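Dear colleague,

I am passing a structure on to you with this email, and my notes on what was found in it follow below.

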Amino acid sequence: MEEKKQPRKLNEYSYVVERTGNMKVPLKIFASEKLLKKMMEDQCIEQGMNAATLPGIKGYSIMMPDAHQGYGFSIGGVAAFDKEKGCISPGSVGFDVNCGVRLLASNLEKEEVYEKINELLDSLFKNIPPGVGGKSLFKLSHDELDEVLKRGPEYMVGKGIGIKEDLDNCESNGRMEDADPSKVTRKAKDRGKGQLGTLGSGNHFLEVQYVNKIFNKETAKTFGITHEGQVVILIHSGSRGLGHQTCSDYIRKMEENFPEIKNSLPDKNLIYAPASSQLAKDYYKAMCAAANFAWTNRHVIGHQTRKSFKEVFGEKAKLETVYDVAHNIAKLEEHDINGEKSWVWVHRKGATRAFPPGNKELPLKYQETGQPIFIPGSMGTSSYVLVGTEKAMLESFGSTAHGAGRLMSRKKANENWKGQELRKDLEKEKIYVKAASWKGVSEEAPGAYKDVDEVVKVSDKAGIGKLVAQLKPIGVTKG
Amino acid sequence: MGKPYEFLEHTADVKIRAYGKTLGEAFKNAAIATTAVMTDIKQVKETEEKKIRITANDRESLLYDFLQEMLYLLDTEGYLAKSVKRIKIQETKTGYELTATLIGDHAQHGYDVHTYIKAVTYNEMEINENEKGVIIQLVHDI
């Protein structure tokens with residue numbers, strides 16, 4: 001483990017830890033003084049420094065304003081490794097491959113949704129189960145699962161679930177071309193086949209929200225966010241047991257194949273395969289398949305959300321997918337590093353891609369605005385819509401924050417709050433919660449998280465993701 | 001003998017410390033603690049046994065795979081282990097082998113799985129053995 005150093009201030013919103021020990025590049029931290037102080041309290045700075053010791057790392061090891069302690073990499077960490085001489089590291093993508101966020105914009109107003117909020121939450125809870133313990137409404141055969149792993153949500157559209165526009169408005173169109181289902185173990189498939197269309201628990205949720213404030217009218221309009229009071233739906237989920245097992249499987253394979261790497265690491269969770277090795281290629285193909293599964297999961301959840309809105313508000317209810325972003329993923333991308341164009345494996349773990357206007361990865365619709373970014377707050381607090389920038393391309397490998405970031409342990413949160421009391425407090429603020437477990441609610445209490453307002457302020461001021469709109473919750477369903 | 005396991009402070013995830021007179025007993029208590037993270041373990045009935053066998057190169061990997069097997073059983077069958085019996089850990093030519101019988105029930109029978117563990121991690125994992133016994137520490141990703 002690298003020894004923690006006090007970062008040096010570059011400007012109001014960024015800090016640096018110069019190379020020391022085995023670090024190959026410096027560590028750059030996007031934070032305000034307030035957020036940096038919190039980061040110094042756990043091990044995330046050391047973790048960011050450890051990431052800087054991995055082979056073929058380019059430019060900087062980077063930490064986002066919401067960074068906190070993870071395993072191996074910090075959560076909120078970004079690193080880019082040389083295409084040939086670098087590495088690919090499953091733990092630096094995260095166990096929940098393609099954990100991410102989808103936003104749907106509706107044609108309903110907050111007043112009419114408030115009138116039927118309990119009915120709506122009951123319907124959402126029925127149509128989108130938390131799915132812990134294998135209770136999905138969409139059980140797949142192994143052959144069908146292989147199609148999902150290979151083709152992503154496109155396969156579901158062919159079956160009448162979701163629409164083509166959902167595919168257009170999704171990072172990578174919901175399909176990583178390199179996905180190979182044969183690289184995903186039987187065990188991972190067994191875990192995933194009964195979990196499609198389920199939320200999971202922990203910090204995963206579905207939130208019915210309204211637009212509280214628009215900062216950038218023109219961009220918001222292109223995103224389908226037209227006025228304050230408009231109702232939107234935010235979905236936060238990932239690849240469920242399939243992705244978690246895939247990460248574990250390849251961590252083990254890499255340990256067994258590269259014992260010399262395993263023994264040389266400052267932290268066992270950082271295990272990697274050299275980018276040129278067969279195992280790195282195999283993991284990447286499996287990770288792509290798990291990512292496709294996660295996009296399909298959020299796609300199906302989006303479809304089920306439409307179903308619930310129609311059940312409660314009738315056929316007039318229209319929900320359009322604004323976009324869907326991954327915040328745990330590795331991708332091969334071309335970046336300008338020290339004035340030179342290079343292909344790199346960008347690992348984003350708890351970080352959102354933030355591509356600028358004109359990037360060819362973006363759908364035509366967003367060519368002039370840049371990529372939509374969604375930063376969910378904790379339960380009961382604001383969430384934000386941002387837009388990608390050229391500065392993010394130059395300074396953070398086209399990445400920004402992904403959420404509020406935890407501040408307090410679940411144990412302490414459970415001691416401080418009781419689920420049912422929290423529910424009453426939230427109801428006083430007109431935020432309604434339907435959950436599988438009240439203990440799960442107290443663990444996710446808003447006070448257990450960092451201030452999301454501060455996180456997005458840093459993103460905006462540092463220029464790596466600019467503010468577009470603020471969203472406030474009406475109702476939440478969670479596992 | 002003090003408590004079989006306890007939960008320690010960790011910002012984002014769940015940190016467990018499990019104790020035992022032997023390695024097997026400490027593994028068993030780590031497994032019970034894992035179920036206790038996910039559900040109210042006192043409520044879980046002992047209706048079904050499951051025999052498991054795990055092999056790994058070292059003790060850390062053995063612990064990882066043993067607990068990961070519990071997550072697999074939860075995802076595929078909704079199975080929750082209340083206890084572990086006949087746990088045996090032995091050295092083999094290539095590393096270690098664990099055999100054990102889990103005793104528990106299925107979540108479909110009405111248990112509230114309030115916290116889902118995404119994965120076992122190596123983060124802060126320690127297996128310390130001395131003349132007094134064995135202490136295990138590990139962090140689960142939530």
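What share of the contacts in chain B with a separation of 6 or more comes from residues 24 or more positions apart? In this model, which is predicted, such residues account for 64% of those contacts.

Chain B as a whole

Chain B contains 2 helices and 8 strands, and along the sequence these elements follow one another in the pattern β-β-α-β-α-β-β-β-β-β. The radius of gyration of chain B is 14 Å, close to the 14 Å that the globule rule gives for 142 residues, so chain B is as compact as a globular protein of that length. If you follow the C-alpha trace of chain B along its principal axes, you will find that it spans about 40 × 35 × 30 Å. Of the 142 residues in chain B, 49% are buried, where a residue counts as buried if 20 or more other C-beta atoms lie within 10 Å of its own.

A sheet in chain B

In chain B, 3 strands form an open sheet, in which the order is 3-5-4 and the pairing is antiparallel. Strand 3 (48-56) and strand 4 (79-91) of chain B stand at the edges of this sheet, and because each has a single partner strand, one side of each is left without a neighbour in the sheet. From one strand to the next, the twist averages 20°. Strand 3 of chain B pairs with strand 5 (residues 96-106) of chain B in the antiparallel sense, over 9 bridges; B:I52, for example, has B:A100 in strand 5 of chain B as its bridge partner. Helix 2 (residues 59-77) of chain B packs on the sheet, where it touches strand 3, strand 4 and strand 5 of chain B, and the direction of this helix makes about 145° with that of strand 3 of chain B.

Where the two chains meet

Turning to the contact between the chains, 36 residues of chain A are in contact with 30 residues of chain B. On the side of chain A that touches chain B, at least two residues each are supplied by strand 4 (61-71), helix 8 (186-192), helix 10 (240-257), helix 14 (410-416) and helix 16 (438-443) of chain A. Helix 10 of chain A gives the most to this side, with 7 residues. Sorted by class, the side of chain A that touches chain B has 5 nonpolar, 16 polar and 15 charged residues.

With best wishes

Terms used: Residues numbered from 1 in each chain as written. Chains lettered and ligands numbered in written order. Predicted model: local features only at pLDDT ≥ 70, side-chain atom pairs only at ≥ 80, totals over all residues. Contact = placed C-beta atoms within 7 Å. Helix = DSSP H or I, 4+ residues; strand = E, 2+ residues; numbered from the N terminus. Nonpolar A, V, L, I, M, F, W, Y, C, P; charged D, E, K, R; others polar. Pairing = 2+ DSSP bridges. Axes fitted to C-alpha atoms, helices over the stretch in contact; angles between N-to-C directions. Rg over C-alpha atoms; globule rule 2.2 N^0.38 Å. Buried ≥ 20, exposed ≤ 12 C-beta atoms within 10 Å, placed from the backbone.
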